[in-house]
Amino acid sequence: MITPIALAADMQGHLDLGTASVAALMGYLFVFLGIVLLMAVIVITGKIMSSKKVSPAEAPKAAEPQKAVEKKKAPGSAGELKLYDTDPKTAAMLMAIVADKMGKPINELHFKSIKEVK
Amino acid sequence: MDILGTLQGLAQDSGFGLFFVEGGWKYAVMIAVACLLLYLGIVKKFEPLLLVGIAFGALLTNLPGAGLYHPELWDNFLDPASEVYHSYAPILAEGGLLDILYIGVKAGVYPCLIFIGVGAMTDFGPLIANPKTFLLGAAAQFGVFFAFLGATLLGFTGPEAASIGIIGGADGPTAILTTTLLAPHLLGAIAIAAYSYMALIPMIQPPIMKLLTTPEERKVKMVQLREVSKAEKIVFPIVVAIFVILLLPDTSPLIGCLMFGNLLKETGVTERLSDVAQNALMNIVTLFLGISVGATTVAPRFLNLQTLGIVLLGLIAFCFSTVGGLLVGKLMYKLSGGKINPLIGSAGVSAVPMAARVSQMVGQKENPSNFLLMHAMGPNVAGVIGSAIAAGFLIKVFGA
């Protein structure tokens with residue numbers, strides 16, 4: 001399809017400044033329009049999905065077991081990982097060494113607890 | 001046997017002899033340019049995966065007598081008055097190795113296959129977590145249209161100006177596909193300009209970022225992004241592909257392949273395919289793309305003022321894309337009450353993940369405890385979609 005802007009070009013395909021400015025402005029606005037519409041679609045999709053994930057009736061039930069898990073944590077802990085006589089810095093270093101030695105990304109490994117053997 | 005005559009014939013037919021025919025010096029200059037590009041790729045590590053291939057393609061195509069690439073065959077292919085218009089037969093029959101490889105560029109296959117790999121390597125999580133950053137990906141296309149206007153003023157035709165402008169999208173495959181469709185005779189110069197400036201982003205962007213932002217703005221720490229569920233990540237490429245392609249069908253090769261690659265990554269059931277797209281496929285296509293794009297830089301056609309104009313306009317496009325992203329970043333900083341660091345705006349120029357790293361680097365210089373990388377990845381990947389939409393618009397307006 002030949003567009004009106006392309007038709008406005010001379011025989012060699014050159015555009016005058018006015019037509020080129022209109023094309024540039026239209027293009028920039030079109031990119032914004034497309035992105036804004038896409039953003040709206042993504043926001044709506046996200047809302048639909050998050051509302052399905054946690055329905056209001058289920059939400060309080062889900063919160064309770066979380067409390068129970070928190071109670072079980074060891075005195076020194078980082079998330080689910082329990083630390084016994086180990087500071088978080090040393091634990092992070094040990095986890096990095098294990099991941100390196102095993103040749104696996106750290107996010108694919110699950111550490112349950114780290115304890116200093118005395 | 002005429003030994004002297006045979007030796008004379010060998011000397012005349014050798015590539016060395018061809019340097020001394022009329023215009024032969026241009027090949028020597030292009031060989032020097034190719035060696036400079038090799039130096040930048042190998043020693044300075046400027047986008048080496050592509051620049052080394054492009055530079056070596058430029059070297060091979062400018063060795064007189066090698067006959068690896070024949071621009072006259074492609075002229076006939078593109079000439080509507082020619083008997084072999086849009087026919088690959090003469091190229092397959094008479095073309096050299098690089099002519100054959102170039103068919104993948106001409107048919108738009110390589111850039112799209114690369115986009116499958118890019119999609120498979122991209123995490124859209126930060127963008128899904130903070131969709132507002134989509135706007136920065138759109139804002140940073142400013143340079144595309146600014147350079148388009150500048151190219152028109154310098155006397156380039158509409159399709160040529162559109163191809164030059166898309167350098168500002170800072171997206172190599174998008175620039176190559178757009179140029180192949182609109183102004184194939186400029187492909188070599190545009191590809192070299194695009195990849196060179198992408199490699200130079202850590203030098204081009206920081207001065208503009210410092211000029212347009214205050215120290216207070218650069219110090220802003222952004223709140224941690226929400227966690228994005230796996231289901232959201234799977235649905236994202238499907239929704240984007242449906243919506244963007246319906247909105248602008250000309251983006252279908254780029255957006256379709258980008259989102260297909262991303263879906264392979266996110267599904268969790270196509271790990272082997274995702275692995276191939278990210279590694280083997282990406283590497284093979286990068287190899288063919290680089291060397292065949294480099295082959296288009298044939299000396300008599302490349303060494304002219306037009307190429308210098310493209311190099312200059314490419315730089316302008318990159319700078320103004322950065323400016324566009326930063327200005328909208330500043331606007332978002334004001335509107336959010338100082339919660340958004342405007343430095344992430346410059347990452348909207350695409351060039352994943354280099355531009356996001358630059359935002360992180362500049363932000364951390366101002367405030368060493370600041371970590372902007374994940375926040376900058378949102379506009380960074382939005383820039384890929386933004387530049388594809390910009391390319392789709394230009395192809396729609398100026399395509400035959």
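From the N terminus on, chain A runs α-α-α-β-β-α-β, with 4 helices and 3 strands in total. Helices (H or I, at least four residues) and strands (E, at least two) are DSSP runs, numbered from the N terminus. This is a predicted model, in which local features need pLDDT of at least 70 and side-chain atom pairs count only at pLDDT 80 or more, while totals for chains, interfaces and linings use all residues. Residues are numbered from 1 along each chain as its sequence is written, and chains are lettered from A in the order in which they are written.

**Confidence in chain A**

pLDDT is the predictor's confidence in each residue, from 0 to 100. Its mean over chain A is 76, and 65% of the residues reach 70 or more.

**Burial and surface of chain A**

Of the 118 residues in chain A, 25% are buried (under 20% relative accessible area, 1.4 Å probe, protein chains only). The chain exposes about 8700 Å², of which carbon and sulfur atoms supply 65%; areas come from the Shrake-Rupley method with a 1.4 Å probe.

**A helix pair in chain B**

Helix 8 (residues 109–121) of chain B packs against helix 19 (residues 271–294) of chain B at an angle of about 145 degrees, with the axes 8 Å apart. Axes are lines fitted to C-alpha atoms over the stretch in contact, and angles run from 0 to 180 degrees between N-to-C directions. Contact means heavy atoms within 4.5 Å. Residues in the contact include Leu113(B) and Ile114(B) of helix 8 of chain B and Leu281(B) and Phe288(B) of helix 19 of chain B.

Conventions: Heavy atoms only, no water. Buried < 20%, exposed > 50% of the residue type's maximum accessible area, 1.4 Å probe, protein only.
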